[in-house]
Amino acid sequence: MNKLNKGIFLTASVLSMSACGGGSDGGGDDGNTSVTPPPPPPPYSMTVNAAGSVEENGSLNVEVVTSGGEGSESLSASVKPIENGPGDETGAFGSTSNEGDGGNETDVTFEPTDTGFVFHFGEASYKKDEYIITIEATKGDETESEELEVAVNNTSGNKAFAYVSSVQEVLPAQRQFIAEWLMVERLVKGVNLSGGDIDIKDIKPLYITATSGDGVDNNALFSVYVNDDRLTGYQDNSLKESEAFSSFFENVSSDTCESPRCLTEHLMRVKPMFDYVFERSGGVIQEPAYGDVGFDAGTGTFSVFYTAPDNGGFDAQGNWTFKPEYEYLADIIVAGHEAAGKFSADE
């Protein structure tokens, strides 16, 4: 029995050694392992995002997103104005990389940011000044380029256009102070409802003096007339703001106009009418100050009660707000302007 067990054990050991590859007749690793090359990087690409317009004296952020490609990467930008008229200078391209500042001859500066570039624009000359911004990205041997058209809106010019239009539409009525007479009527009615006793007939001689008395000169109104060609030229972007409205502003300001070609001087002819009411209001309404004629962008009206600091103030958008004690003027100015507009349209 013991001899049989020893035989089985030896046979099993020999089989085990054979299964473990104890032989030396080849079949081992020769060291020549093959390697699969990595796939090539995706093609280089760039996406540029920015708004299509910006207000004058404002800033525009241009976002630049790149992907793919290989090698070192650099970004650059340039800007060029689009000509509005035959005499405009386009200037040279200004450029900057993501390593420095840039600018050009067009009152535009720009610099790189963490996400692309930021462009800073100055005052616009036309209703809108237009520019072409070029963004270029390079990575290794690949280059991507994209152009953007950007419009810079002339906020001051658009406000001037609204001011001029407001005056133009009531010029026929302005000769007869239609708006101012309606304002006086409203003031008298309000005072009398609060216990006052003002007879509107007593103000009539002051009105006649304002419209036909000594010193009446329609040159004050002719001086602020802006012909349709200038208004149209500004609107269709072929005429600069300064060319369209400079003479108008010279003649609405008492600082620059020459008598009798002054709108403020013309409007102040009705001051005795208003003073008559204020002095007899018995404290029902507080007497406001007078100033240079000014324009309220919020209501589209103009008045000698707008610019006096004691009466209120303008916000950054050109909207006038009266102080509480003078708020009664707001509604009657708007009503007077509307009446003058209807009168002028019927002329």
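Predicted model: local features only at pLDDT ≥ 70, side-chain atom pairs only at ≥ 80, totals over all residues.
## Ground rules and overview

Buried here means under 20% relative accessible area, exposed means over 50%, and partly exposed is in between (1.4 Å probe, protein chains only).

Residues are numbered from 1 along each chain as its sequence is written, and side-chain values use heavy atoms, with hydrogens and water left out.

The protein chain has 11 helices and 14 strands; helices (H or I, at least four residues) and strands (E, at least two) are DSSP runs, numbered from the N terminus. Of the 347 residues in the protein chain, 38% are buried. Take the contacts (heavy atoms within 4.5 Å) between residues at least 6 apart in sequence: 60% of them join residues at least 24 apart.

Is Ser259 buried or exposed? Ser259 counts as exposed, at 54% relative accessibility. Ser259 and Asn219 are 40 residues apart along the chain, and their C-alpha atoms are separated by 9.0 Å.

## Positive phi away from glycine

Which residue in the loop between helix H3 (171–174) and helix H4 (178–193) is worth a look? That would be Phe177, which has a positive phi of about 50° although it is not a glycine. Phe177 counts as buried, with a relative accessibility of 0%.

Asn237 is another case: its phi is positive, about 70°, and it is not a glycine. You'll find Asn237 in the loop between helix H7 (228–235) and H8. Asn237 is also buried, at 12% relative accessible area.

Two strands pair if DSSP finds at least two bridges between them. Strand S4 (residues 73–81) pairs with strand S9 (residues 128–139) in the antiparallel sense, over nine bridges. To find your place in that pairing, look for Ala77, which stands opposite Ile135 in S9.

S9 also pairs in the antiparallel sense with strand S10 (residues 142–153), over 12 bridges. Here Thr134 has Glu147 in S10 as its bridge partner. The hairpin of S9 and S10 has two residues between the strands, and Gly140 takes a positive phi near 60° in it. If you're tracing side chains, remember that in a regular strand they alternate between the two faces of the sheet.

Two packed helices are described by the angle between their axes and the distance between the axes. Axes are lines fitted to C-alpha atoms, for helices over the stretch in contact, and angles run from 0 to 180 degrees between N-to-C directions. Under 35 degrees counts as roughly parallel, over 145 as roughly antiparallel, 65 to 115 as roughly perpendicular and the rest as oblique.

The axes of H7 and H8 come within 9 Å and cross at roughly 140°, and H7 and H8 are therefore oblique to each other. Making that contact are Arg230, Leu231 and Tyr234 of H7, together with Glu241, Glu243, Ala244 and Phe245 of H8.

H8 meets helix H2 (residues 155–168) too: their axes come within 10 Å and cross at roughly 55°. That makes H2 oblique to H8. Residues of H2 in this contact include Ala160, Phe161 and Val164, while those of H8 include Phe245, Phe248 and Phe249.
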